[in-house]
Amino acid sequence: MNQILIPMAGAADGVQHTDSVAQLLVAALAGIATIIVLIVWRKMHPFLALTLGSAVLALIAGIPLTDTFTAFTKGVGSTVGGVGVLIAFGAIIGKLLIDSGGADQIVDTVLEKTAPHRLPWAMALVAFVVGIPLFFEVGIVLLIPVVMLVARRAKLPVVAVGIPALAGLSALHGLVPPHPGPLIAIDALNANIGITLGLGLLVAVPTVIISGPLAAKVMVKWVPREATSVLGDASETEKREGHRPSFGVAISVVLMPVILMLLRTVVEMVMMGHEDSIIFKLLTFVGEPIVALLLTVLYAIVVLGRMSGRTTQEVTNIVGSSLAPVASILLIVGAGGGFKETLVESGIAEVIAQWIEQMGMPILIAGWLVAVAVRLATGSATVATITAGGIMAPMAADISPVAAALLVLAIGAGSVFLSHVNDAGFWLVKEYFGMTVGETFKTWSLMETILSVVALLCVIVIAIPLGAF
């Protein structure tokens, strides 16, 4: 039998596992297969599926019964303690933007200044900007009524403005923190969040342009369906009650965490050797992801809450109501962190990493392919990112910060590949746009595939001159 001793992160804690490569590979396949079967066929919640998949993986990998969940609970704690807090802050910011009318103000301002023939580009821009602080599902709920209204008023097929909006939301969801997917990959690969954010925005711009407005021009010929009257009626898009913040205030809330995190990265590069200066310490502190988002939350509470005429209790209620919807996301992310940690501490991630290295496959391509495979099997971008991040973690241990950030983006690109019938987003878009299954494949599924491939190509283009490919 082929045997090898695998160095293991959890060895110092006394956690043991088999040294059989074949058994470890079987454990990995069994664990992933368990997750896929439970999510796809048994319709089990991903939190429970990831937990049970981790247990199957640990037991087959030879981890003692009493230590089955040792790595899992360690991973849950570290992931929720880091990524979970950032997701909660992001949810609060998004809720304040929506309830104050700030998100509406951004949408209205951009659309009012746009000529009819440029509406697809305007919708892509709106989705891109609004998508920075909002989760994908929240962005869809916010923008779909606007898409329907704009399409009807401009007498355009719904795909002409809908696909650019979906491309903007999906690209931000897969590539840019503080969205859960990129945060999970950043945590798994120990990447720099500022570098990843900057490169993610750089990759997202051409990706949205190609998969959004340009692709929509072709898709309109295949699906020239008019906007339905189910959504987007005047009664549903009336301005919210109360004083809405100005465009400048609303956009400042969106961009504040981005600017602070990018500023920290720039300062760390430009002020090397001046780490003891007050300016360096201050700017690196406020640019810490948790600090940047906390400051933005406090700023949003003031300018979108109190200054919009809401009482302290009303603002508190908004903040409280923003956390309940993300409880499920936090549990999935936490369980994903536990599954990743089990992959690493069982030695399986190291075995797969060695196998990929022996094949001579570039690390960015490998990360993308792993994410694509899990995405196609489970339909979940989050599960795809979690699994790919855990598998690629050993290979990312000795690479440069830029290479690690690009690997995060490659995994994120793979995680959105070809949304189909096992993805809730597929059915959400189908029903909102009033399309058939075939039409949804020709538009939404194709857009996601184009987005994934173009994003990977952009990552490679950036990586080659930097020697990170």
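Leaving aside its neighbours within four places in sequence, which residues is Thr79 in contact with? Before I answer, please keep in mind that this is a predicted model, where local features need pLDDT of at least 70 and side-chain atom pairs count only at pLDDT 80 or more, while totals for chains, interfaces and linings use all residues. Residues are numbered from 1 along each chain as its sequence is written, and side-chain values use heavy atoms, with hydrogens and water left out.

Now to Thr79, which sits in helix α3, a helix here being a DSSP run of H or I with at least four residues, numbered from the N terminus. Beyond those sequence neighbours, Thr79 is in contact with Gly84, Asp187, Val333, Gly334 and Gly337, where contact means heavy atoms within 4.5 Å. Thr79 counts as buried because its relative accessibility is 2%, and buried means under 20% relative accessible area with a 1.4 Å probe and protein chains only. A polar atom of the Thr79 side chain also lies 2.8 Å from the backbone oxygen of Gly75.

Let me finish with confidence, for which we use pLDDT, the predictor's confidence in each residue, from 0 to 100. The protein has a mean pLDDT of 84, and 93% of its residues reach 70 or more. Over residues 1-14, however, the pLDDT is below 50, although this stretch has 25 contacts in the model beyond near neighbours in sequence. Residues 230-241 also stay under 50, and for them the model has 22 contacts beyond four places in sequence. Where pLDDT is low, the predicted coordinates should not be read in detail.

Terms used:
Helices (H or I, at least four residues) and strands (E, at least two) are DSSP runs, numbered from the N terminus. Buried means under 20% relative accessible area, exposed over 50%, partly exposed in between (1.4 Å probe, protein chains only). A polar contact is a pair of N or O atoms within 3.5 Å; within protein, one must be able to donate a hydrogen and the other to accept it, and residues adjacent in sequence count only if both atoms are side-chain atoms.
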